[in-house]
Amino acid sequence: MKCPVCGSDCIEDAGVVLGRLPDLFSPCDQCSYRVLDKNAPLPDGKYTPPCRCGKRFIDEVYAHLYVILVEEGVFSGKEPLRAVGSPLIHPGVFTAAPPFLPEDSLVLLSPRVTVPVAERFVAEVPEIRGVVRSGDFVPGAVDPTLEKSPRTYDLLAGCDVRAGIFPTSAGPLVIYTQQSLIHIEFPRPRNPKIESVERRLKEGLPAVFVDACAGNGTLGLCAALHGVGKVILNDAWYAAAYWSAQNIHVNRKALKVTGVTTTLSYDEMKARQVSREPVLVAETEGEQDVSVFFGDYRELWKVLPPGPVCAVLDLFDKSDMEANRRIMKEWRDRVPGEVFIP
Ligand SMILES: [Zn+2]
Ligand SMILES: [Zn+2]
């Protein structure tokens, strides 16, 4: 599958990604490492290159990045190591110990990085996949009313497409995303939102499951993995709807589907940015019917099948209880069945 960001083969089938996992971030018996204090500057201004096995301890990769930041004049040499930025490993998986990074396994999020620095990171540090300049805001469509335009971080060099592994009780899901465009979900040993969906599915599989604010599609795909016959994913933000569709394709071998048809290209969706009216952008062939709409969840009732559905509303901000009640009531007034916030 060709990557829409870099044109290379970043997107792999779930089985391929999972097959590489067991020792992906483990050292070989020749790997050396030093643990650096993240709250102090790099002590000696030096770094060691990767091991012959191709991996390097994450702190040593950070030392390499730090040296470049000093050479380029972005750092004075007095900044703590953690000021380099946030590491997002690919594929993102919960690791009990800090990882030994293979080639192309790190997307760096950094507020300080410049274009020349980012280009050197990608060219000279083999572990780096992509460099994103982050800001003090959450990227993506975080306002459910869509009144505030979504904001994004800037991909400065390389590619920011990466996968996360999300365990479910029906097996793992491999979920790709584009890190400059959507808020970050760190892999954790327990995922309360997946658990919330699974608690509902345990009561009996609904005929139709709707993931109305789908993001990258994790909750809807969780329902599909558990065997729900008809699953509808929806998001108003182009990146979310696009990657939801990709993620059906990535995980298709774990589902009862024979193929996925998409109706809008990445560039067509990107040109629209946000869609209010729900537009069908992907659907599956085969025993299970999984589809993706690109639109405002408040308009989704127009395209839902007749009859009751089980809907999950994964709103970005769940802290305003009054707003949650209003949103749930609004949904119930239009759509028969049940609705819950995970
Ligand atoms: Zn790519
Ligand atoms: Zn090694």
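Biologist: Which is V228, buried or exposed?

Modeller: This is a predicted model, in which local features need pLDDT of at least 70 and side-chain atom pairs count only at pLDDT 80 or more, while totals for chains, interfaces and linings use all residues. Residues are numbered from 1 along each chain as its sequence is written, and chains are lettered from A and ligands numbered from 1 in the order in which they are written. A residue is buried if 20 or more other C-beta atoms, placed from the backbone, lie within 10 Å of its own, exposed if 12 or fewer do, and partly exposed in between. V228 has 20 such atoms within 10 Å, so V228 is buried.

Biologist: Which residues is V228 in contact with, leaving aside neighbours within four places in sequence?

Modeller: V228 sits in the loop between α5 (218-225) and β10 (230-235); helices (H or I, at least four residues) and strands (E, at least two) are DSSP runs, numbered from the N terminus. Contact means C-beta atoms, placed from the backbone, within 7 Å. With those neighbours set aside, the partners of V228 are L205, P206, F209 and A223.

Biologist: How many residues of α5 are buried?

Modeller: The buried residues of α5 include T218, G220 and L225. The rest of the structure largely encloses α5, because its buried residues number 8 of the 8.

Biologist: At what angle do the axes of α4 and α5 cross?

Modeller: Axes here are lines fitted to C-alpha atoms over the stretch in contact, with angles from 0 to 180 degrees between N-to-C directions. Helix α4 (residues 192-202) brings its axis within 10 Å of that of α5, and they cross at roughly 35°.

Biologist: Which residues of α5 make the contact?

Modeller: From α4 come K193, I194, V197 and L201. Their counterparts on α5 are L219, C222 and A223.

Biologist: How do helices α2 and α3 lie to each other: parallel or oblique?

Modeller: Helix α2 (residues 58-71) packs on helix α3 (residues 115-124) at about 140°, with the axes 10 Å apart. Angles under 35 degrees count as roughly parallel, over 145 as roughly antiparallel, 65 to 115 as roughly perpendicular, and the rest as oblique. The pair α2 and α3 is therefore oblique.

Biologist: Which residues of α3 make the contact with α2?

Modeller: On the α2 side the contact uses L65, I68 and L69. On the α3 side the residues are V117, R120, F121 and E124.

Biologist: How many residues of α6 are buried?

Modeller: Helix α6 (residues 238-250) reaches 18 Å from its first C-alpha to its last. This helix is mostly covered, and its buried residues number 13 of 13.

Biologist: What is omega of the cis peptide bond that joins H90 and P91?

Modeller: P91 belongs to the loop between β2 (86-89) and β3 (100-101). For the cis bond from H90 to P91, omega is about -10°.

Biologist: What phi does D104 have?

Modeller: D104 is in the loop between β3 and β4 (106-110). It counts as partly exposed, because it has 18 C-beta neighbours inside 10 Å. Although D104 is not a glycine, its phi is positive, at about 60°.

Biologist: How many C-beta neighbours does Q273 have inside 10 Å?

Modeller: Q273 lies in the loop between α7 (266-272) and β12 (279-285), and its phi is positive, near 60°. Q273 counts as partly exposed because its C-beta neighbours inside 10 Å number 14.

Definitions and conventions. Contact = placed C-beta atoms within 7 Å. Expected span 1.5 Å × (residues − 1).
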